[in-house]
Amino acid sequence: MSQRPRASLGRVLDDLGSTLLELVAGDVGQPEAISALAIFDPLDEPVLAPRSLVLGVGVDPAAGTLAPLLRSLGGHATVGLVVRAPVALTPEVRAAVEESGVALIGLRRGATWAQLTALIRTMLSEGDIGVIGHESLGGLPSGDLFAVANAVAALLDAPITIEDRSSRVLAFSGRQDEADPSRVETVIGRQVPERYANRLTELGVFRDLYRYQTPVVVRPQDLGYDETTVQRVAIAVRAGDEVLGSIWAAMDGEVDGERTQALLDASKLVALHLLRLRAGADVQRRLRTDLIGTVLEGGAGARDALARLGLSARRLVIVSAALLTGDDHAHSDLERLADALSVHLSATVPSSAVAAVGGTVYGLLPVVVTAGSPEQRAARLAADFVDRVDGNLHAIVAVAPAGSDISAIVHGKAQADRVLRVMREGHTSLRVARLDDVQTLALVLELRDLAAARGERPGGAIARLMEYDERNNAGLVETLEAWLDALGDVTKAASDLFIHPNTLRYRLRRVTEVGEIDLTDPEQRFAAMLHLRILAPR
């Protein structure tokens with residue numbers, strides 16, 4: 001097994017190569033860890049941390065731009081550039097690789113950039129916050145599922161996948177090309193294809209897998225798909241009575257006592273690592289929440305917390321998100337929202353930090369130098385996020401101005417909260433907003449809070465109309481409010497109240513008589529609108 005750090009470029013190629021990636025040119029033997037994953041955008045000025053791995057999404061290897069791009073990335077001490085295969089290794093490109101020190105890697109056809117990003121970020125996630133001890137379980141780095149998968153594959157002499165209860169691939173071993181096309185499809189998609197999962201359910205495979213302690217064998221002819229030619233042997237991974245997932249080996253032949261024992265031993269080892277990953281994820285989540293909360297409060301430890309998040313001396317945009325329906329304070333819903341927003345933002349802004357703090361999800365987005373406004377760019381990302389999750393999470397997002405010091409971050413958080421309140425309380429149909437979009441509504445809500453704190457009640461004309469309505473159920477306050485909202489349009493106001501225009505005219509005459517108000521006076525109309533918006537119970 002490789003002794004390189006788990007985040008080195010060589011380790012990434014070891015685990016993802018042959019199935020997803022191919023080395024075109026360059027040296028990947030350096031032991032230093034990859035510091036970050038970045039996506040190249042020709043419209044953005046690159047802001048890259050040293051030893052970043054760059055994904056050249058949209059870069060055409062045949063367009064003659066590879067060599068200049070490699071030389072440019074070399075100036076940022078980039079470790080590697082991934083572009084879509086096939087890549088023609090011309091003398092100019094080879095020279096640029098040698099000159100820049102940037103390895104050139106091809107992403108194989110059939111694999112998507114989203115899949116690759118998710119896989120690599122999973123491999124780089126250990127150690128994102130603080131320092132984590134190098135613990136080992138069964139002689140393997142704790143929680144390193146790819147190392148575990150390779151070890152189990154060596155033990156069984158067969159390519160394997162480790163999957164969760166939903167048939168999502170958590171990790172896979174090398175040698176997947178020894179299996180069959182259906183296995184390759186599963187690995188590339190990080191998920192068992194639906195047609196296979198449905199067939200396995202029909203055959204009772206999952207039922208037997210989770211009911212029994214022994215391996216379950218699935219023959220190719222049972223599945224009935226031409227692309228499945230190698231037998232599958234699966235065993236559940238358990239922690240006591242809880243099923244954590246399963247191990248799937250692509251291997252023909254009889255599952256004898258020796259193979260059965262090897263699978264049982266492997267399932268126990270995988271269970272330890274899955275439990276360690278779960279515990280580690282909980283610790284990391286709590287730590288990230290504490291750090292982001294400290295930054296947003298702006299207290300004495302804010303600068304240190306910002307440094308531990310890797311965001312010191314960075315200009316940041318604050319976004320806040322919530323669920324428009326349901327209980328925003330339900331822990332599971334908030335965590336789902338936080339996880340979804342984190343994955344979405346990290347694909348474009350890899351160093352962003354997201355956590356649920358006090359019933360709201362907050363994101364800190366480092367500003368990338370662009371021609372446009374960073375707030376506008378953050379708003380576009382937020383709008384894309386809201387659209388993507390709309391089928392599962394009815395989310396709303398507020399965007400605050402960018403700031404580079406703690407006081408600006410605290411001010412941005414307060415501003416985002418003001419915007420989010422307007423959306424939460426249903427005063428706007430916007431799902432993504434900045435203060436400019438809802439400032440008047442925010443001010444009205446704050447004036448209402450101030451009036452309530454002082455115990456103020458409507459006076460003058462509105463008080464007289466409210467008192468008359470309470471005695472006679474005449475609907476005069478409702479009539480005045482509808483007429484003001486319609487800007488004096490009698491027909492529209494009557495339609496909104498579902499009454500005849502003549503009835504509305506009659507009521508307006510009663511408003512002027514009872515309320516002692518001159519509706520032709522703009523000052524009196526404005527006063528009435530303020531009282532109705534701020535002081536009158538709604």
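I take contact to mean heavy atoms within 4.5 Å. Helices (H or I, at least four residues) and strands (E, at least two) are DSSP runs, numbered from the N terminus.

**Ground rules**

I am working on a predicted model, where local features need pLDDT of at least 70, side-chain atom pairs count only at pLDDT 80 or more, and totals for chains, interfaces and linings use all residues. Residues are numbered from 1 along each chain as its sequence is written, and side-chain values use heavy atoms, with hydrogens and water left out.

**Entry: H1 and H5**

I looked up where these two helices touch. Arg11, Asp15 and Leu16 in H1 meet Phe146, Ala147 and Asn150 in H5. By class I find three nonpolar, one polar and two charged residues in this contact. For classes, Ala, Val, Leu, Ile, Met, Phe, Trp, Tyr, Cys and Pro count as nonpolar, Asp, Glu, Lys and Arg as charged, and the others, Gly among them, as polar.

Helix H1 covers residues 9-16 and helix H5 residues 145-156. They pack at an angle of about 50 degrees, and their axes are 11 Å apart. Axes are lines fitted to C-alpha atoms, for helices over the stretch in contact, and angles run from 0 to 180 degrees between N-to-C directions. H1 and H5 are therefore oblique to each other. My scale calls angles under 35 degrees roughly parallel, over 145 roughly antiparallel, 65 to 115 roughly perpendicular and the rest oblique. The crossing of H1 and H5 is left-handed. That is, the near helix is turned anticlockwise from the far one by less than a right angle; clockwise would be right-handed.

**Entry: H17 and H20**

I then went to helix H17 (residues 476-485) and helix H20 (residues 522-535), which pack at about 115 degrees with axes 11 Å apart. That angle makes H17 roughly perpendicular to H20. H17 passes H20 in a left-handed crossing. On the H17 side I list Val477, Leu480, Glu481, Trp483, Leu484 and Asp485; on the H20 side they meet Arg525, Ala528, Met529, Leu532 and Arg533. The contact has seven nonpolar, no polar and four charged residues.

I also noted Leu487, in the loop between H17 and helix H18 (490-497). Its phi is near 55 degrees, a positive value in a residue other than glycine.

Val444, Leu447, Arg448 and Ala451 in H15 meet Arg533, Ile534 and Leu535 in H20. I count five nonpolar, no polar and two charged residues in this contact.

Helix H15 (435-454) and H20 each supply at least two residues of the lining of the second largest pocket. H15 gives the largest share, seven residues. The lining has 14 residues, and Thr440, Leu441, Val444, Arg448 and Arg533 lie nearest the centre of the pocket. Its volume is about 290 Å³. By class, the lining divides into nine nonpolar, two polar and three charged residues.

On a 1 Å grid over the protein atoms alone, a pocket is an open set of points with protein on both sides within 12 Å along at least five of seven lines, a cavity is a set where a 1.4 Å probe fits but cannot get out, and lining residues have an atom within 4 Å of a point. Points are joined across faces, edges and corners, and a volume is the space filled by probe spheres set on them.

**Entry: cavities**

I find three cavities of 30 Å³ or more. Of its 13 lining residues, Thr186, Val192, Leu200, Arg232 and Trp248 are the closest to its centre. Strand E8 (160-164), helix H6 (181-189) and helix H7 (194-202) each supply at least two lining residues. H6 gives the most, with three. The classes here are six nonpolar, four polar and three charged.

The second largest cavity has a volume of about 70 Å³. Its lining has 10 residues, with Leu365, Pro366, Val367, Pro374 and Arg377 closest to the centre. Strand E15 (360-366) and helix H13 (374-389) give two or more residues each. H13 gives the most, with four. This lining has nine nonpolar residues, no polar and one charged.

**Entry: a cis peptide**

I checked Ala85 and Pro86, which a cis peptide bond joins, with omega about 5 degrees. Pro86 sits in the loop between strand E4 (80-84) and helix H3 (91-100).
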